Amino acid sequence: MTEARSGAPAGRSENSAEQPWPVRSIAVKVAQWIDRLGSVWVEGQITQISLRPGARTAFLVLRDPAADMSLSVTCDPQLLRGSPVPLQEGSRVVVYGKLSYFTGRGSISLRITEIRPVGVGELLARIERLKALLSAEGLFDPRLKRPIPFLPRAVGLITGRASAAEHDVLTVARQRWPAVRFEVRNTAVQGPTAVPQILDALTELDRDPEIEVIVLARGGGSVEDLLPFSDETLCRAIVAATTPIVSAIGHEPDNPISDHVADLRAATPTDAAKRVVPDAAAELALIRELRERSAAALRGWVERESRALAQVRSRPVLAEPLRLLEQRHEEIERLRLAARRAVDRGLDNQSTTVRHLRDKLTAVGPAATMARGYAVVQRVTGQERQVIRTVADSPPGTQLRIRVADGAISAAALGSQELGGTPSRKDTGT
């Protein structure tokens, strides 16, 4: 009773706060229970694919579309590369594999050995195989595409009865070119009867010599709804038709095989209407613009030629033959005066420079210095005179010659005194 209440496995001691189980025991037991599940088939939606070049294992995340739950999945990379339908995020698949519990990380992963697309994936796989076959036969070759006439006499339209696609094509086309004429054939555009009815309508319109372009139009829908427009018989009939065919099936993301074999693919039925007939207002505006540009070009040419003729007639060599000589004479006289002014200005500048240099030389010369109260003291030894620079050059009794601004004074040194010191000998006079 205690084991059943506590959840302890048979053969082991009671589990309690005093006798807890170690993590390894729990991990091993979980791994054993998961291993008993064996291999299983699992359906889900791929939300993440990790396929690295050279890796031996590919990692996926499989999510339940109806609940916020996911499962980690691993497999051989070749299993993904060999899928008949390219697998990507959002693909619905059914996988076969075995669950494993990694005790070291405490995580669960599903190792799969088989993967199958579900529902739409199978349809897409069939479409892809047919697309590859028709492409290999060259039915998608751009060189087979026939040009769409600029302004067809009549337009054939194959679409569903009272459909939005029919309304869009007729309304937009008549707004752009009110005189456009349509031959509408209403057929089933989905279901088992769609392809035979479309083939009959296509054959009838292709035989009509007034019809210069045929539009296949249908609104958006699921892959199953658009499946008739990927039928091999219909695609080959589109290629065999002698009238250019525009495929306007679904919306921009939709891409049935008829879009590839048709002479022109339109993103939507509205886009098809814009492709098969021109815009009358735009064409009239273009004509007006071209007429205005032609008239402006003609006026411009006449004006240019008139100006050129006036320029030739007004050239001085024709109007005044001597004017060129007079201009050259005036130019020579002007240059001669300019040269003379330049020479005079150069002489004035040099004279000013010489005067400034003379003034500077005079200012720094000894005469100007002595005029400011300075004197030059020289020691007289016989016929020699030496300028005294220190007190050591003039011991007491030295014969001196003091030169001032207006002459020279003879004197004798009575003593000396260094700056900041005491006299070496008491002065006896000046």
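Because the model is predicted, local features need pLDDT of at least 70 and side-chain atom pairs count only at pLDDT 80 or more, whereas totals for chains, interfaces and linings use all residues.

Begin by colouring the protein chain by pLDDT (the predictor's confidence in each residue, from 0 to 100); the chain averages 84, and 91% of the residues score at least 70. Confidence is lowest in helix α1 (residues 2–6), at a mean of 39, and highest in strand β6 (residues 154–159), at 94; helices here are DSSP runs of H or I with at least four residues, strands are runs of E with at least two, and both are numbered from the N terminus. Select residues 1–11, where pLDDT stays under 50 and the model has 13 contacts beyond four places in sequence, a contact meaning heavy atoms within 4.5 Å. Then select residues 426–430, where pLDDT also stays under 50 and three such contacts are present.

Next, colour domain 1 (23–118), domain 2 (123–140 + 147–278) and domain 3 (366–390 + 398–404) separately; their bounds come from an automatic or database domain assignment. The C-alpha centres of domain 2 and domain 3 lie 123 Å apart.

Now select helix α5 (residues 164–176) together with helix α9 (residues 269–276), which pack at an angle of about 30° with their axes 8 Å apart. The axes are lines fitted to C-alpha atoms over the stretch in contact, and angles run from 0 to 180 degrees between N-to-C directions. The angle makes α5 roughly parallel to α9, a term for angles under 35 degrees. Show A165, D168, V169, V172, A173 and R176 of α5 with P269, T270, A273 and K274 of α9, which make the contact.

Move on to helix α6 (residues 194–207) and helix α7 (residues 232–240), whose axes come within 10 Å and cross at roughly 10°, so that α6 is roughly parallel to α7. Here I198, L199 and L202 of α6 meet T233, L234, A237 and I238 of α7.

Finally, centre on R401 in strand β13 (residues 399–404). Leaving aside residues up to four places away in sequence, R401 touches V376, V377, Q378, V380, R385, A408 and I409. R401 and A411, 10 residues apart in sequence, are 6.2 Å apart in space, C-alpha to C-alpha.

Notes:
Residues are numbered from 1 along each chain as its sequence is written. Side-chain values use heavy atoms; hydrogens and water are left out. Angles under 35 degrees count as roughly parallel, over 145 as roughly antiparallel, 65 to 115 as roughly perpendicular and the rest as oblique.
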